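Subject: The two-chain model, with notes

Hi,

Here is the structure I promised to send over. Have a look at it first, and then read on for my notes on what turned up.

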Amino acid sequence: MYRIRRFEQTSLKAYNAGKMGGFLHLYTGQESVAVATISLLGENDHVVTAYRDHGHAIAVGMTMNECMAELFGKATGCSKGKGGSMHLFAPDKRYWGGHGIVAGQTPLGLGIAYALKYKGIPGCCLTYLGDGAVNQGVYHESLNLASLLSLPVIYIIENNGYSMGTSLARSSAFKQLLAQRAEGYNICWDQCNGENIYEVRAKTQAAIVRAREESRPTVLEIATYRYYGHSVADANARKYRTPEEIDHYKTYHDPLLLWQKRLIDEGILTEEQATAIDYEARAEADAASRFADESPFPEEADIFKDIYSELDHPAEGENAPRGTFFFN
Amino acid sequence: MALISYRKALNDALAEEILRDENVVVMGEEVAEYNGAYKVTEGLWGRFGSKRIVDLPISEGGFVGMAVGASMLGVRPVVELMFWSFAYVAFDQIINNAGCVRYMSGGQINCPIVIRGPANGGTNVGATHSHTPENLFAAMPGLKVVAPATAYDAKGLLKTAIRDNDPVMFMENTLLYGEKWEVPEDEYLIPMGVADVKRVGSDITLVAHGRAVITCLEAAQILEAENGIHAEVVDLRSIRPLDEETILASVRKTHRAVLVEENKPFCGVDAQLAAMIQEKAFDELDAPIGRISALDAPAIYSPPLEKIQLPTARRVVQKVLATC
């Protein structure tokens, strides 16, 4: 969690220094969700998420260097500078993005689960979405298909209370529990508080077992909170909610501090160890920022690479690529 | 060679590829137990079972996205859209996910998916079911677009599309499903990006794709019989990638071109071709490039008017006579 938090702080600093452009959707405040859930995954389990994807990327084991360089648009980024903040990928770590369109990833997670079942692999796909995504049609189509086809997909709703500047009360007609909509699709659902990592892990584990052993989907809603705006370009970040609300969460509900305190209380961690972890995380993030800064941008010729597999890996002889692919 | 229908050619291609590769899965609405809304998948469910031929509910956005996700892990879904007109409810999944995931991941992820189905008007079903979206999808780098005009091409191109590691939009035509052509019994593949000269001529080049090729062949016959004009008919077969060389070679020979498509004219496929020809063969042209497209209105229902909204052989003939 310290690594995610320090990565985000460093990326914000770099953004404000003009080192990157576009959107930057910070995960700060929500760290416990990605860490608690992804910490349970095994070698056959997969992850796909939306555009607030840095936390998941680091949790699956991507390096800060490749993530930061991607934010900077550098050739050393995980996507060679072609994806950006919202589109981090590491298929070697079974991390399938990083998707920019709200709920657009929800059928992709379904498809990954479909492929696992098709190939007879006992795994699952954790598919993350925000509270804003639950009102997109394709999410509901995915829930119906997940249940109908009995697929091992786990939808994790990271409910931070706001879809951009619109509160839950102003966006969802059924306000009690977003996960409860799963009942309409005959899908098991549950809800938990993201501050309590033991609870999140227990409920996620139940879903993973259901996926692996019964090939059944789950919808798990996890209450959380984001400290910054929707993105750092969110001009109204402190207008649709009060500064007091944000301060309240930071003071009393910070998942990182609560978890650290709990581990210290339980005798698992010492203050000195916690300080050392934080120190290392800061140093790692600073080094990643320097790495990204010193890395080269992609070459102009790279614009036309990584579009078609056929051109990136051309066959020879009669199967060689034919015709014009690009029209400049 | 046996005469087989465009529909049967597609059916054979699917069956052969299912047998060849255990990762090929045919999925869509009514493809299995119903035997296909247009019977393209007839008999496949009985032959290969529910794992390989999968019925799905009416959720194009959901199941196209599901197929894209499955393809990222090496499944090779062949998704049937009952009509390509229904692709519009799955647009985000096709454009943003199938079309961009390879690029945005820096080439780390492949999306070997085929989306196929009829993309044509002319069947009295009104505007919502008569779209011809090949230009929309061909405008997206990352996607490939194929539109075969004959049973022979349909079979060879579909087999190639299924083996391809990039997302292929495969556009068929319900008015051709029952038409028959000679198709070899031995296996063959047709590469994408290779046009086919369907009729050799010396006086004018007609360029078309899909059913417009058949219209052009009919027009060419009329032109020869009535006007002594020998038209060459170039069938694109594949729109992206595009075989520019075959088009240009024909234009260099005939010095005149009329481009024919069942698409609407504005930003149509032929707008791209016209720009390309004038840029690369300007000095070869003895007349302005002509275009015949669907009349530029939403597809009309009224049957007699619908017939004239799509390009007709007579309209092609008139344009050729004005060009020659």
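Predicted model: local features only at pLDDT ≥ 70, side-chain atom pairs only at ≥ 80, totals over all residues.

Let me begin inside chain B, where the rule finds 15 residue pairs in polar contact across the interface of domain 1 and domain 2, both residues of each pair being at pLDDT 80 or more.

Lys198(B) forms a salt bridge with Asp153(B), and their closest N and O atoms are 2.6 Å apart.

For orientation, domain 1 of chain B covers 2-183 and domain 2 covers 196-323. Their C-alpha centres lie 26 Å apart. In terms of contact, 29 residues of domain 1 of chain B meet 25 residues of domain 2 of chain B. The area buried between the two is about 2000 Å², with carbon and sulfur atoms giving 55% of it. Within domain 1 of chain B, Asn124(B), Asn135(B) and Ala147(B) lose the most area to domain 2, together 23% of what that side buries.

Now to the meeting of the chains. Here 47 residues of chain A are in contact with 56 residues of chain B. About 4100 Å² is buried between chain A and chain B, and 63% of this comes from carbon and sulfur atoms. The rule finds two salt bridges across this interface. The side chains of Glu310(A) and Lys144(B) meet in a salt bridge, at 2.5 Å from N to O. There are also 25 residue pairs in polar contact between chain A and chain B, both residues at pLDDT 80 or more.

Which elements of chain A give two or more residues to the side that touches chain B? They are helix H5 (106-118), helix H6 (137-148) and helix H12 (309-312) of chain A. The largest share, nine residues, comes from H5(A). Sorted by type, the residues on this side of chain A are 25 nonpolar, twelve polar and ten charged.

Chain A has its own domain assignment, with domain 1 at 2-297 and domain 2 at 300-328. Taken over C-alpha atoms, the centres of these two domains of chain A are 35 Å apart.

On aromatic residues, a search of the whole structure finds 17 aromatic pairs over all chains. One of them is Tyr198(A) with Trp259(A): the ring centres are 5.1 Å apart and the planes stand at 75°, so the pair is edge-to-face. Tyr198(A) lies in helix H8 (residues 197-214) of chain A and Trp259(A) in helix H10 (residues 255-265) of chain A, so the pair ties together parts that are 61 residues apart in sequence.

Finally, some backbone details. Most residues other than glycine have a negative phi, and most peptide bonds are trans. The peptide bond from Gly97(A) to Gly98(A) is cis, with omega near 20°, and Gly98(A) sits in the loop between helix H4 (64-71) and H5 of chain A. Ala103(A) lies in the loop between H4 and H5 of chain A, and its phi is positive, near 75°. In chain B, a cis peptide bond with omega of about 5° joins Arg240(B) and Pro241(B). Pro241(B) is in the loop between strand S12 (238-240) and helix H9 (244-254) of chain B.

Best wishes

Note on methods. Residues numbered from 1 in each chain as written. Chains lettered and ligands numbered in written order. Heavy atoms only, no water. Contact = heavy atoms within 4.5 Å. Buried area = accessible area lost by both parts, 1.4 Å probe. Salt bridge = Lys/Arg side-chain N within 4 Å of Asp/Glu carboxyl O. Polar contact = N/O pair within 3.5 Å; in protein donor to acceptor, adjacent residues only side chain to side chain. Helix = DSSP H or I, 4+ residues; strand = E, 2+ residues; numbered from the N terminus. Nonpolar A, V, L, I, M, F, W, Y, C, P; charged D, E, K, R; others polar. Domains from an automatic or database assignment. Phe/Tyr/Trp six-rings, centres within 6.5 Å; stacked < 30°, edge-to-face > 60°.
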